[in-house]
Amino acid sequence: MKVIQSLKLDKQNIALFKKLPCVKSVETDSSGNPTVTLHPSSTRGSHVLRNGDYLVCFASHLWQRFGPLAFERLIASPQ
């Protein structure tokens, strides 16, 4: 499937995640590390992203969480 948007979750871009329609909530722990929870209807995968994870939107407008290694594989072999 074609990737139309991808974002890496880190402390500096929390505001971008808050604006996404797929995001249910954004929280930070005492160390400032963000955790993002997705609406269940927006994804078929994991609903929770943690610092360093990637959020990818496909052409079907479904969102999916990827860890760093899985994201590298996705980008290395696009379909």
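In which loop is H61 found? In this predicted model, H61 lies in the loop that runs between β5 (54–58) and β6 (63–66). The backbone at H61 has a positive phi of about 70°, although H61 is not a glycine. Most residues other than glycine have a negative phi. The relative accessible area of H61 is 56%, and exposure is assigned over 50%, so H61 counts as exposed.

β5 and β6 pair in the antiparallel sense, and four bridges link them. Within this pairing, V56 stands opposite Q64 of β6. Helix α2, made up of residues 68–76, packs on the sheet and touches β1, β5 and β6. The direction of α2 makes about 35° with that of β5. The sheet itself is open and has three strands in the order β1-β5-β6, with antiparallel pairing. Its edges are formed by β1 (3–8) and β6, and each of these has a single partner strand, so one side of each is left without a neighbour in the sheet. From one strand to the next, the twist averages 20°.

A further open sheet is formed by three strands in the order β2-β3-β4, and here too the pairing is antiparallel. The edge positions are taken by β2 (23–28) and β4 (48–50); each has a single partner strand, so one side of each lacks a neighbour in the sheet. Neighbouring strands of this sheet are turned against each other by 15° on average, direction ignored. Strand β3, residues 34–38, runs antiparallel to β4 and is joined to β4 by three bridges. The bridge partner of T37 in β4 is V48. In general, strands of a sheet pair through backbone hydrogen bonds.

The chain as a whole was then examined. The protein chain has two helices and six strands, and from the N terminus on these elements follow the order β-α-β-β-β-β-β-α. The radius of gyration is 12 Å, close to the 12 Å that the globule rule gives for 79 residues, so the chain is as compact as a globular protein of that length. Along its principal axes, the C-alpha trace spans about 40 × 25 × 20 Å. Of the 79 residues, 33% count as buried. The accessible surface comes to about 5,000 Å², and carbon and sulfur atoms account for 51% of this surface. Among contacts between residues at least 6 apart in sequence, 32% join residues at least 24 apart.

Q12 is located in the loop between β1 and α1 (14–18). Q12 and P34 are 22 residues apart along the chain, and their C-alpha atoms are separated by 9.7 Å.

The average over the protein chain is 93, and 97% of the residues score at least 70. Among the elements of the chain, the lowest mean pLDDT, 93, belongs to α2, and the highest, 97, belongs to β6.

Key:
Residues numbered from 1 in each chain as written. Predicted model: local features only at pLDDT ≥ 70, side-chain atom pairs only at ≥ 80, totals over all residues. Heavy atoms only, no water. Pairing = 2+ DSSP bridges. Axes fitted to C-alpha atoms, helices over the stretch in contact; angles between N-to-C directions. Rg over C-alpha atoms; globule rule 2.2 N^0.38 Å. Buried < 20%, exposed > 50% of the residue type's maximum accessible area, 1.4 Å probe, protein only. Contact = heavy atoms within 4.5 Å. Areas by Shrake-Rupley, 256 points an atom, 1.4 Å probe, with all protein chains shown as cover. pLDDT = per-residue confidence, 0-100.
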